[in-house]
Amino acid sequence: MAEAVASRDELRGPVRAEITTDGIDCVTDWESNVAAYLRDQRGYGPTINHGPVFHGNAQGGQWAWDNRDVVQHQDISQQVAPELYPLAEAVAAILKQLPAYGLNPREQQDIEDAANEVLAEVQQDQPEPGKLRRLATTVKGFLFPIAAEAATEEVRELAQQGLDQISAAITSAV
């Protein structure tokens with residue numbers, strides 16, 4: 001015998017809603033910003049990882065699992081040619097200072113991606129000078145509006161310092 005299903009209007013009394021673990025993550029980790037949470041789940045949100053993350057190669061690898069509050073550092077001095085080290089240092093400093101810029105998650109991810117491309121290229125056996133110039137220019141392109149229009153003088157100076165460091169490093173290296 002078929003059972004009738006009551007519609008919402010036919011229910012009497014309080015209705016209890018349950019939240020899933022995904023909903024709890026969205027509320028606690030993303031301040032209830034569903035769009036940002038979904039971007040992260042699809043792989044193009046901020047770098048909050050929900051599984052193993054590998055950096056480096058087999059000799060100098062690092063990994064973190066469930067890294068809500070994990071901070072990792074990697075010494076890249078062994079993997080970068082001496083003439084490219086100032087560029088790698090400048091880009092690493094920008095990555096470290098990104099939270100201070102107060103960017104939205106998409107902007108921060110874009111800068112992180114561009115900066116990580118620079119770091120990946122400087123670690124190549126034979127980095128391509130043209131590619132390095134283009135990648136460094138991309139990172140600078142993200143910093144220009146911050147240096148010109150950031151909400152605070154401190155952030156503008158921080159972005160300008162990053163611009164100056166990258167410009168000097170790319171000029172001397174390539």
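Good morning. In what follows, helices (H or I, at least four residues) and strands (E, at least two) are DSSP runs, numbered from the N terminus. By that rule, the chain has 6 helices and 2 strands. Read from the N terminus, their order is α-α-β-β-α-α-α-α.

A word on the source. This is a predicted model, in which local features need pLDDT of at least 70 and side-chain atom pairs count only at pLDDT 80 or more, while totals for chains, interfaces and linings use all residues. Residues are numbered from 1 along each chain as its sequence is written, and side-chain values use heavy atoms, with hydrogens and water left out.

Let me turn to the chain as a whole. Of its 174 residues, 29% are buried, meaning under 20% relative accessible area with a 1.4 Å probe, protein chains only. The exposed surface comes to about 12200 Å², and carbon and sulfur atoms supply 50% of it; these areas come from the Shrake-Rupley method with a 1.4 Å probe.

How do helix α5 and helix α6 pack? Helix α5, residues 129-149, and helix α6, residues 153-173, pack at an angle of about 160°, their axes 8 Å apart. The axes are lines fitted to C-alpha atoms over the stretch in contact, and angles run from 0 to 180 degrees between N-to-C directions. Therefore α5 is roughly antiparallel to α6, a term for angles over 145 degrees.

Which residues meet? Contact means heavy atoms within 4.5 Å. Among those in α5 are Leu-132, Val-139 and Phe-144, and the α6 side includes Val-155, Leu-163 and Ile-170. Thank you.

Definitions and conventions:
Angles under 35 degrees count as roughly parallel, over 145 as roughly antiparallel, 65 to 115 as roughly perpendicular and the rest as oblique. Buried means under 20% relative accessible area, exposed over 50%, partly exposed in between (1.4 Å probe, protein chains only).
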